[in-house]
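Dear colleague,

I am passing this structure on to you, and below it I have set out what was found. Please look it over before reading further.

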Amino acid sequence: MSRLFEPGSNDPGPGGQAARGSVASDRARTQAQRGHSGPGARPAAAPPKPEGDDVASLLRHNQSLVLEINQSAAHLPALGVVLARSVTDTVRRVLTSPEANLLDISVRVAIFGVLTDYLPGTIRTYVGAVRAGGGADADDQLVEQLTALRGSVEELAEASRQRDVQALQVQGRFLESKFGGTDLAL
C-alpha cells in the first residue's frame, strides 16, 4: 500500500517541509513519485517498450520463460516441469529453424501468446493455488493444462512445417507448368 495512505504516520514530507497529511506534502510526495520536482521539471522516463513478436524477441521471451520454469521447479510436480519445458523446447525448435524468419504472422502471434500469457499464467496460477492449499486437484489441472498447451504448440509447429511444404509444392507446380514440357530443344 502506498505510504500516502498509511494511517497515523507522522513522517515529514519531502525535505521535511510540510506536515504529513497536508495537501502540500501529499502533492509534493505524489510529484516526487512521478518523477517531478517542481515547475519545469522533466517528466519521468517512459516505461520500456514491450518487445515485439519478431523471432529474436520471441527467443528472448522463450529463454526468460525457461529460467522462470527452472526457478519454479521446486513448486511444480516433476511432470509439470517436463511438460512446460517440452512447450519451450518445441517453441525454440520452431524459432531456430532455418525458415524461422519466414514464419507467418499468425504463428508468431500465437507463439507470443504462449510465451507471455498462456504458459507463464498457467504456472503462476498453479503456484498460487498450491500456496493456498490446492493439493492434488491443482496437480491434475496443471498437468491437463500443460498437456493441452504442449499439444497446441506441437500442432502449431506442424502447421508451420506444412505451410512450408505446401508453398514448396505450389512453387513446384508453377515451375512445372511454366517451364516443364516445352518443345524447345536446347
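A cavity here is a set of points, on a 1 Å grid over the protein atoms alone, where a 1.4 Å probe fits but cannot get out. Grid points are joined across faces, edges and corners, and a volume is the space filled by probe spheres set on the points. This is a predicted model, in which local features need pLDDT of at least 70 and side-chain atom pairs count only at pLDDT 80 or more, while totals for chains, interfaces and linings use all residues. Residues are numbered from 1 along each chain as its sequence is written, and side-chain values use heavy atoms, with hydrogens and water left out.

Searching the whole structure gives one cavity of 30 Å³ or more, and the largest cavity holds about 30 Å³ of space. Its lining (residues with an atom within 4 Å of a point) consists of V91, V94, V107, I111, V153, L156, A157 and S160. Helix 3, helix 4 (105-131) and helix 5 (135-179) are the elements that each give two or more residues to this lining, helices being DSSP runs of H or I with at least four residues, numbered from the N terminus. Helix 5 provides the largest share, four residues.

Turning to the packing, helix 2 (residues 55-72) and helix 3 (residues 78-95) meet at an angle of about 165 degrees, their axes 10 Å apart; axes are lines fitted to C-alpha atoms over the stretch in contact (heavy atoms within 4.5 Å), and angles run from 0 to 180 degrees between N-to-C directions. The two helices, helix 2 and helix 3, are therefore roughly antiparallel, a term for angles over 145 degrees. On the helix 2 side the contact includes V55, L58 and L59, and on the helix 3 side it includes V81, A84 and R85.

Best wishes

Terms used. Angles under 35 degrees count as roughly parallel, over 145 as roughly antiparallel, 65 to 115 as roughly perpendicular and the rest as oblique. On a 1 Å grid over the protein atoms alone, a cavity is a set of points where a 1.4 Å probe fits but cannot get out, and a pocket is an open set with protein on both sides within 12 Å along at least five of seven lines; lining residues have an atom within 4 Å of a point.
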